[in-house]
Amino acid sequence: MLSRRTFWAMSSGVAATTMGILDVARAQTAKATGGKIHQGEFLFWMDSAARAEVRRVAEAIAYTLDSEPPDRPQPALRLYAMGAKELQQRYSANDFAQRVAQSRTALGGKVRSRVFQGVDGGFRMLPNLPDGEYCIAVFDLLLTNGDLMATEQFTLSRSSGYSWLLANHYIGAKPFYRY
């Protein structure tokens, strides 16, 4: 077992290494773009009204998923049918429904309690998604059969000023350092 001092020393080393890698990535990006990186290329402003709209959409998605036991594919299939083109290009309907059901079931079953944590965004680009307008709605969960807190994230996409649609879904055990 690590002592507290050893743990913090190792953590500091990992943090310093990570920051160094990020600096190299920033330098390579700056070099590729002639030294000019503009925040507007990566981010867009989301005011409180836009964030409230994202929260409303995300809560409706969560309500749909929570409406039936997590091992049933019907809620995920309904969300897929109404989802963004990015979701439908990345997964087949059955693959998406199976992925959602397996991940929610593996963590502990039906949602016992859900707390909205916030909206991250707006992003003009995210990994594994084409350029567009994205945000991520984050919830903390307690599940009926599990002892762990979980984090559920809905990546939402908006194209040409239309409403926000589900572009991806993630659920996982909440890391201990985020409690």
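Arg114 and Glu152 join their side chains in a salt bridge, with N and O 2.9 Å apart. Through shared partners, salt bridges join Asp66, Arg104, Arg114 and Glu152 into one network. The model is predicted.

**The salt-bridge network**

- The structure holds eight salt bridges.
- One of them pairs Asp66 with Arg104, whose closest N and O atoms are 2.6 Å apart.
- That pair also links distant parts of the chain: Asp66 belongs to helix H2 (residues 48–66) and Arg104 to helix H5 (residues 93–107), 38 residues apart.
- Asp66 meets Arg114 as well, in a salt bridge of 3.0 Å from N to O.
- Arg114 lies in strand S1 (residues 111–123) and Asp66 in helix H2, so this pair ties together parts that are 48 residues apart in sequence.
- Side chains of opposite charge can pair when their charged atoms come close.

- Glu152 counts as buried, because its relative accessibility is 0% and the cut-off for buried is under 20%.
- Arg104 is also buried, at 4% relative accessibility.
- Asp66 is partly exposed, with a relative accessible area of 21%.
- Arg114 is partly exposed too, at 22% relative accessibility.

**Strand S3 and its partners**

- Strand S3 covers residues 149–158, and eight of its ten residues are buried, so the strand is largely enclosed by the rest of the structure.
- Strand S2 (residues 133–143) pairs with S3 in the antiparallel sense over ten bridges.
- A hairpin of five residues joins S2 to S3.
- Within this pairing, Glu133 stands opposite Arg158 of S3.
- S3 also pairs with strand S4 (residues 165–173), again in the antiparallel sense, over eight bridges.
- Here the bridge partner of Glu152 is Ile171 in S4.

- His169 is found in strand S4.
- His169 is buried, at 3% relative accessibility.
- The side chains of His169 and Glu152 make a polar contact of 2.7 Å.
- Leaving aside residues up to four places away in sequence, His169 touches Leu65, Phe96, Arg99, Val100, Ser103, Glu152, Gln153 and Phe154.

**Glu152 in brief**

- Glu152 has a salt bridge to Arg114, a polar contact with His169 and a bridge partner in Ile171.

Technical notes. Residues are numbered from 1 along each chain as its sequence is written. This is a predicted model: local features need pLDDT of at least 70, side-chain atom pairs count only at pLDDT 80 or more; totals for chains, interfaces and linings use all residues. Side-chain values use heavy atoms; hydrogens and water are left out. Buried means under 20% relative accessible area, exposed over 50%, partly exposed in between (1.4 Å probe, protein chains only). Helices (H or I, at least four residues) and strands (E, at least two) are DSSP runs, numbered from the N terminus. Two strands pair if DSSP finds at least two bridges between them. A polar contact is a pair of N or O atoms within 3.5 Å; within protein, one must be able to donate a hydrogen and the other to accept it, and residues adjacent in sequence count only if both atoms are side-chain atoms. Contact means heavy atoms within 4.5 Å. A salt bridge is a side-chain nitrogen of Lys or Arg within 4 Å of a carboxyl oxygen of Asp or Glu.
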